[in-house]
Amino acid sequence: MKLGRFRFRYINAIRGAVIGFVIFLLASYFLPEVEASVAGLELILTISTFLFAIISGFFISRLNSRFDAIRSIIGEGDGEMLVMYKLSEMISKRFSNRIREVIDKFYISAYDFELARYDLIYKATAKYYFQFWDEVKKLKSSERKEPFHEQFIELLISSERRRNVTSALAAERLAFGQWAVLIILAFIIIFCIFYLKTAEFYSSFLAVMLSTVVVLVVLLIRDLQNLIIGKHELLEESGQEVLEFMGKQRYYHIDYLMSGFNAVPKDVKEYRVGLHKPGAEEYKIKVVKNK
């Protein structure tokens, strides 16, 4: 069943490297061998490779630290959401039902955006954090049970702090100039490799493999910036499991299903799909059976 119009699929590092390998293989076969040599080309290749290694290594280290920090914070945040729900059950059934609905709306709003744009997620979900406080204010005196009431408030405070930290970390992205330097160096390296290769098989083989590795490194940096691990987003399952534990169906936005950012596990029988525009005030959600 088609859920929406065609959308370009996200090309992760592995898929991009495979595509690059095929392109470089064809280029190695069809491009004519260059007979004339350019003085100093080997030196240009050496310098470019050295600079590329230093810059890409720095970017990978920086983005990997950011990746690990966000993974830890979001995992703990999802755990706090589940604890908040279980604490609400200890307070009262009425309060628990309301908190359950707020948590559900929170995750729907959050999953309407890609995780790498947590600044948008933070703004879109802020109203639901305010709603948590509103629900606490509505508690009757008989429902303000100790220590559950205080623990619930402590979790709310802790969750908001985590959200602020995550938003700040997610905003740390490579600037246009940094990407430009990295890509220019990659092009110079690939050009020099193919220009210097000879007709021998080993030379063509090394040219294809080295060029593929250069592309793979660039795409790995992009995946780290977009908080992509393997084929899908970081901690995609963590929040979805919270929804299931509360008795709610999983939720995915159509844009990220069609683009390959998200994927529905095969063991999930039914799930919800958001057809509305991310950040919309009114949700348009459809329940879909997993085939």
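Let's begin with helix 1 (residues 13-30) and helix 7 (residues 201-225), which in this predicted model pack with their axes 8 Å apart, at an angle of about 150°. That angle makes helix 1 roughly antiparallel to helix 7, and their crossing is right-handed. On the helix 1 side, the contact includes A13, I14, G16 and A17, while helix 7 brings, among others, S204, V208, M209 and S211. Sorted by type, the residues of this contact are twelve nonpolar, six polar and two charged.

A second pair to look at is helix 2 (residues 41-91) with helix 6 (residues 176-196). Helix 2 passes helix 6 in a left-handed crossing. Among the residues that meet here are L41, E42, I44 and L45 in helix 2, and Q178, V181, L182 and L185 in helix 6. This contact divides into 17 nonpolar, four polar and two charged residues.

Here are the two pairs side by side:

| Helix pair | Angle | Distance between axes |
|---|---|---|
| Helix 1 and helix 7 | about 150° | 8 Å |
| Helix 2 and helix 6 | about 140° | 9 Å |

Now for a single residue. Where is E143 placed? You will find E143 in the loop between helix 4 (118-137) and helix 5 (148-170). Is E143 buried or exposed? Its relative accessible area is 7%, under the 20% cut-off, so E143 counts as buried. Setting aside neighbours within four places in sequence, E143 is in contact with I91, S92 and R94. With S92, the side chain of E143 forms a polar contact of 2.8 Å.

Note on methods. Residues are numbered from 1 along each chain as its sequence is written. This is a predicted model: local features need pLDDT of at least 70, side-chain atom pairs count only at pLDDT 80 or more; totals for chains, interfaces and linings use all residues. Side-chain values use heavy atoms; hydrogens and water are left out. Axes are lines fitted to C-alpha atoms, for helices over the stretch in contact, and angles run from 0 to 180 degrees between N-to-C directions. Helices (H or I, at least four residues) and strands (E, at least two) are DSSP runs, numbered from the N terminus. Angles under 35 degrees count as roughly parallel, over 145 as roughly antiparallel, 65 to 115 as roughly perpendicular and the rest as oblique. A crossing is left-handed if the near helix is turned anticlockwise from the far one by less than a right angle, and right-handed if clockwise. Contact means heavy atoms within 4.5 Å. Ala, Val, Leu, Ile, Met, Phe, Trp, Tyr, Cys and Pro count as nonpolar, Asp, Glu, Lys and Arg as charged, and the others, Gly among them, as polar. Buried means under 20% relative accessible area, exposed over 50%, partly exposed in between (1.4 Å probe, protein chains only). A polar contact is a pair of N or O atoms within 3.5 Å; within protein, one must be able to donate a hydrogen and the other to accept it, and residues adjacent in sequence count only if both atoms are side-chain atoms.
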